[in-house]
Amino acid sequence: VIDRLGGEEFAVCVINAPEQAGLAVAERIRAQIAALAFPEHDGLTCSASIGVAVFEPGRALDDLLKGADLALYEAKRSGRNQVRLG
């Protein structure tokens, strides 16, 4: 399930998947975005910083989103174009 949260932020829900599967999905998305090139714009490339959070029973949705947000900002602080777990 994919949803746009606003601006350039998106949420991807991977149902019934362990942590490693969620990280693998995020890494595939990041790699595909990084592979994009725009030769008509002097070879402009794209990158994505991605935060991953794992739902656990009893974890509130707001807490889940906050965890993903914190991981996203850690990816940006660490040099961008990375996946981090929160």
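Buried means under 20% relative accessible area, exposed means over 50%, and partly exposed is in between, with a 1.4 Å probe and protein chains only. Keep that in mind for Gln82, which counts as buried because its relative accessibility is 17%.

First, the ground rules. This is a predicted model: local features need pLDDT of at least 70, side-chain atom pairs count only at pLDDT 80 or more, and totals for chains, interfaces and linings use all residues. Residues are numbered from 1 along each chain as its sequence is written, and side-chain values use heavy atoms, with hydrogens and water left out.

Now the overall layout. The protein chain has 2 helices and 6 strands. Those are DSSP runs, numbered from the N terminus: H or I with at least four residues for helices, E with at least two for strands. From the N terminus on, the order is β-β-α-β-β-β-α-β. The C-alpha atoms fill a box of roughly 50 × 25 × 20 Å along the principal axes.

Some totals. The protein chain has 86 residues, and 21% of them count as buried. The chain exposes about 6200 Å², with 56% supplied by carbon and sulfur atoms. Those areas are Shrake-Rupley, 1.4 Å probe; for residues, only the protein chains shown count as cover. Next, contacts, meaning heavy atoms within 4.5 Å. Take those with a separation of 6 or more: residues 24 or more positions apart account for 44% of them.

On to the core. Which residues make up the largest nonpolar core? Leu23, Ala26, Ala48, Ile50, Val52 and Val83, 6 residues in all. By nonpolar core I mean buried Ala, Val, Leu, Ile, Met, Phe, Trp, Tyr and Cys residues joined through side-chain atoms within 4.5 Å. Look at Ala26: leaving aside neighbours within four places in sequence, Ala26 is in contact with Ile50, Val52 and Val83.

Back to Gln82. Gln82 sits in the loop between helix 2 (61-77) and strand 6 (83-85). Not counting residues up to four places away in sequence, Gln82 touches Arg30, Ala48, Ser49, Ile50 and Ala75. The Gln82 side chain also makes a polar contact with the side chain of Arg84, at 2.7 Å. A polar contact is a pair of N or O atoms within 3.5 Å; within protein, one must be able to donate a hydrogen and the other to accept it, and residues adjacent in sequence count only if both atoms are side-chain atoms.

Arg59 next. Where does Arg59 lie? In the loop between strand 5 and helix 2. Is Arg59 buried or exposed? Buried, because its relative accessible area is 18%. The Arg59 side chain makes a polar contact with the side chain of Asp63, at 2.9 Å. Arg59 also touches Ala53, Val54, Leu64, Gly67 and Gly86, again without residues up to four places away.

Compare Asp62, in helix 2. At 65% relative accessibility, Asp62 counts as exposed.

Last, backbone angles. Most residues other than glycine have a negative phi. Asn16 has a positive phi, near 50°. Asn16 is in the loop between strand 2 (9-12) and helix 1, and at 78% relative accessibility it counts as exposed. Asn81 also has a positive phi, about 55°. Asn81 is in the loop between helix 2 and strand 6, and is partly exposed at 29%.
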